[in-house]
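Take a look at the structure first, then follow the points below.

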Amino acid sequence: MSAARRLLPPLILVLLGVLLTPVAATAAPRSALPGTLHLQMVPPIRGVPVAVDGNTGRSDARGRVNIRVKNFLGLDKRLTVGSATVGGDRKVMLDRIRGSLDHGVRDRIVEVGLRTVRRVSWRYTDRFGSPVPTRRATAMRLRSNTGEIIELAGDQLTKPLWVAESRTQQGPRGLASKRLYYVVDAVMVDGTSVVNRAGQKFVPWDRQAWVVQLLFFKVSFTASDMFFPRRAGSGIQLTRADGRVQHLGFDPDGTVLVPDLPRGTYTLTVRGGGLSFGRPVTISRDQEVTLTVISVVDLSLVAVGVLGVAVGLVLLGRPHLRRPFRALRRAARRRPGRRRWRPRAAAGLVLVLVLLTVAAASLPAGRASAAPARSGPGPAATPTSSPVPVLAYYYIWFNPSSWNRAKSDYPVLGRYSSDDEEIMRRHVRMAKAAGITGFLVSWKHTEQLDERLAALVEVARAESFRLGIVYQGIDFSRKPLPLATVRTDLALFAERYAADPVFGIFDQPVVIWNGSDRYSATEVADTVRQAQEKLQVLGTAKSVSVVNSQSTLDGQAYYWSSADPLVDRSRDKLTAMSRAVHLRGGLWIAPVSPGFDARQIGGRREVPRRDGETLRASFAAARLSQPDALGVISWNEFTENTYVEPSEQWGSRYLEVLADLLGVAPHPDAQLDSSTAEGDDWGLPAWAALILAIGAVVLVPLWLYRRRRRGRAAASPSTPSGAARSEEAPLHH
């Protein structure tokens, strides 16, 4: 007991010591402590306001903000990135934050993605840069590469517009800002669109003031008599697409000039001078349009001809009606000194008349009804049945030795060299006659191909033909070229030809980059960025996924000649490709092919031509995909049997089928030699001369029949008048 008492005080002291000794505190987490939050704006924009815990800050020139916070717990609920107008013409707002703000402790930088909106304005010009009053436009439709459609009308066309400028997306290295762009789908003037769909692209980040080029053309109208080569009428009545009617009087020289007629289809009627029916005319280039009038003289001529035939038939069938004419003829014969009419001479004269009228039918029928104006080359005419350009892939690789390998057929023009300018000229004329708008020329930068391209450009300029480029970004073994080479070649082409109207299929020259699908999306974007300031660079994607990954390109041209449109589901694939391209505001060139055969180069695939049925089915599938242009594969790819150029085996069969599909009437070979004399043509129109010839042919048999009957009457024996009376006398007794 005493021992326990002795131990109790020390135990109490130990217990008190334990109780009174302070325990070391547990360390607090860093996120619970005050600190500085580091933010990086994406894209780096100055002046973006940020507020947290009563502290505010704005991003600097590099888009960075450093702001004190009490702690980093639940920071996403306390941080505010305010919407603001920056610079007076740009609005910013929060789009997304990468990761969690709670992780933005101490020195770590948090990325803040911004959406930006910019105020843009626009003005209109014609093809030559002259201003067009905004009041002439009644509506405009814009489409962004994200699929947003903006419809503007009335007063909205005269006011600035706020449009989405950029958005952010998650990339492998963090947030990335994607700049948006817009294409002009339509600008309505007088009820018709005066721009090529998706032909003009604008990036709000780079340019606020847009210049929209409108397609106005200089058109001269005149009218001529239907039968005779003389001017007729006092003016024209022009009915525009919106139903508005305009009366225009002819100048003293018999013409009326409209210097700024919007592209579209009009109904034209000649006023005065006779009978004129409304005629639809499609204006797609500078033109001279000649209308025809059925004048009073023409109607009188036809009436006299019909009346003459009718009277001749009546007299032939009723001999008693010819008695007055016989009495007149007998009286004329009794006149002294009258020269006898010779039947053979008359027949000869009528025969000469028939020959002259038939010859007149073969004379030129006057000026063309829609001839190109002499003011310079304009865009090639688009056939009325095909509202989009029709382009044929054209190869300038041929040397005489090229025809000695992998060929089973040869051109009717012979085994030519692509250096021959006369061959180029005949190709262009045949293509134009079949309704083809231009060639897509296969090219890359070599001395020989540069010279051939330059020669073809001069030929196309002289023939008012259009060209685009297929840049061969792969070598002979089909390996992709170095990106530095591609970039240099595109820059060279842009420097030489970007301003050349020969390449004016759309508002900027079209360059199709063959092999673009061999590179990453980043490599493609970096390579074409500078070239796109002057060119429209299209890819050659073969799938929707590649289209989606190459959104920086201006469109796609699918070179797909090995599909059998009558067997494969090519129609569905083309439709899907078109939808993907148009969703991003790009140009879509759909493929059209007459057939395919890879057996000459070691392949097994063959698509038979089927006497044109393959071409017709391929054309239908391409048209259903709503293309911005049709790409005919090809003009002269003889190795793969995709050519439509007239050949020894097929003749001009496939140009004829293509012309029929495009609604072009002339035979494709009719324009092989298009040199015609200038000046006023003479003679009757062919159909008018034909009417006269038919009238002469009808009257000649009638006249000959009448002469034969007269000859028989003269040859029959006549009874003397006295004998007749003596024989008749007994009858009266």
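**The largest cavity**

The largest cavity has a lining of 14 residues, and those nearest its centre are Trp560, Ala563, Pro565, Pro591 and Ser618. A cavity here is a set of points on a 1 Å grid over the protein atoms alone where a 1.4 Å probe fits but cannot get out, and lining residues have an atom within 4 Å of a point. This is a predicted model, in which local features need pLDDT of at least 70 and side-chain atom pairs count only at pLDDT 80 or more, while totals for chains, interfaces and linings use all residues. Residues are numbered from 1 along each chain as its sequence is written, and side-chain values use heavy atoms, leaving out hydrogens and water.

**Space and lining**

- At least two lining residues come from each of α11 (570–583), β32 (587–592) and α12 (613–624).
- With three residues, α12 gives the most to this lining.
- The lining of the largest cavity has nine nonpolar residues, five polar and no charged.

**A look at Gln472**

- Gln472 sits in strand β28 (residues 466–472), strands being DSSP runs of E with at least two residues and helices runs of H or I with at least four, numbered from the N terminus.

Key:
On a 1 Å grid over the protein atoms alone, a cavity is a set of points where a 1.4 Å probe fits but cannot get out, and a pocket is an open set with protein on both sides within 12 Å along at least five of seven lines; lining residues have an atom within 4 Å of a point. Ala, Val, Leu, Ile, Met, Phe, Trp, Tyr, Cys and Pro count as nonpolar, Asp, Glu, Lys and Arg as charged, and the others, Gly among them, as polar.
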